[in-house]
Amino acid sequence: QSAIDEAIARSFVYRFIAKVFEDPTPQSWAILTDAATQTSFRTALHALAAERTGLRDGAEKLLATLTPESLEAFNDSYLVTFGHAARGPCQMNEIEYGNLKADSLFQPHRLADLNAFYRAFGLELVEDAAERPDHICLELEFMSVLAAKEAYALEHQLDADQIALGRDAQKKFLREHLGHWLPAFTRRLEREAGP
């Protein structure tokens with residue numbers, strides 16, 4: 001049961017953080033500032049990192065900014081930090097954080113690799129998607145889906161190979177994508193948005 005609970009908690013945390021990075025709208029803001037949603041976020045983080053006070057402190061700082069009356073201020077900060085285009089002060093796309101000399105050659109391959117990951121688990125971007133496949137929201141949502149699939153496989157006692165496949169995909173995606181560029185992204189985010 002603890003493995004199921006952890007997978008569900010990871011899924012929730014990934015989805016919540018993806019929602020934080022979406023363009024703020026009144027509808028998404030209502031979800032993020034809902035007391036029950038915030039309690040679920042705290043509970044999920046506690047299940048994943050009970051002993052990591054730095055993570056909990058950071059989460060509380062984030063939640064303190066997510067109040068019903070602060071949408072306009074958050075939106076202003078969001079626009080200053082991320083801009084109106086992919087090349088704003090703090091880019092939210094993986095490709096913007098690669099090796100500048102090599103990246104122009106490998107960008108199409110990295111995007112194709114992302115799309116292959118998505119398709120392998122039954123997901124595809126629609127033709128008129130607002131974001132590229134390397135956008136932080138899409139990558140976080142993909143991790144949320146993988147964690148949810150893991151929870152489902154554990155809950156329904158599916159084949160051990162299926163469970164291992166889902167776990168391996170999460171590790172590989174973190175290693176090759178999110179984990180590859182998020183450290184640089186978070187450093188830039190802290191510089192642009194402040195501590």
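Student: Which residues lie nearest the centre of the largest pocket?
Tutor: In this predicted model, Ile-17, Phe-21, Gly-58, Leu-62 and Leu-189 lie nearest the centre of that pocket. They belong to a lining of 37 residues.

Student: OK, and which elements give two or more residues to that lining?
Tutor: Here's the list: α1, α3 (35–49), α4 (53–65), α5 (71–82), α7 (136–155) and α8 (160–193).

Student: Which one gives the most?
Tutor: That's α8, with eight residues in the lining of the largest pocket.

Student: How do the lining residues divide into nonpolar, polar and charged?
Tutor: You get 25 nonpolar, eight polar and four charged residues around the largest pocket.

Student: And how much space lies in there?
Tutor: The largest pocket holds about 1400 Å³.

Student: Switching topic: at what angle do the axes of α1 and α2 cross?
Tutor: Roughly 140°. Helix α1 covers residues 2–21 and helix α2 covers residues 26–33, and their axes come within 10 Å.

Student: Why call the pair oblique and not antiparallel?
Tutor: Roughly antiparallel needs an angle over 145 degrees. The axes cross at roughly 140°, so α1 and α2 count as oblique to each other.

Student: Is the crossing left-handed or right-handed?
Tutor: Left-handed, as α1 passes α2.

Student: Which residues meet there?
Tutor: From α1 you have Phe-16, Lys-19 and Val-20, and they meet Ser-28, Ile-31 and Leu-32 of α2. The residues of this contact divide into four nonpolar, one polar and one charged.

Conventions
Residues numbered from 1 in each chain as written. Predicted model: local features only at pLDDT ≥ 70, side-chain atom pairs only at ≥ 80, totals over all residues. Heavy atoms only, no water. Axes fitted to C-alpha atoms, helices over the stretch in contact; angles between N-to-C directions. Helix = DSSP H or I, 4+ residues; strand = E, 2+ residues; numbered from the N terminus. Parallel < 35°, antiparallel > 145°, perpendicular 65-115°, else oblique. Left-handed = near helix turned anticlockwise from the far one by under 90°. Contact = heavy atoms within 4.5 Å. Nonpolar A, V, L, I, M, F, W, Y, C, P; charged D, E, K, R; others polar. 1 Å grid on protein atoms, 1.4 Å probe; cavity = no way out; pocket = protein on both sides within 12 Å on 5 of 7 lines; lining within 4 Å. Points joined across faces, edges and corners; volume = space filled by probe spheres on them.
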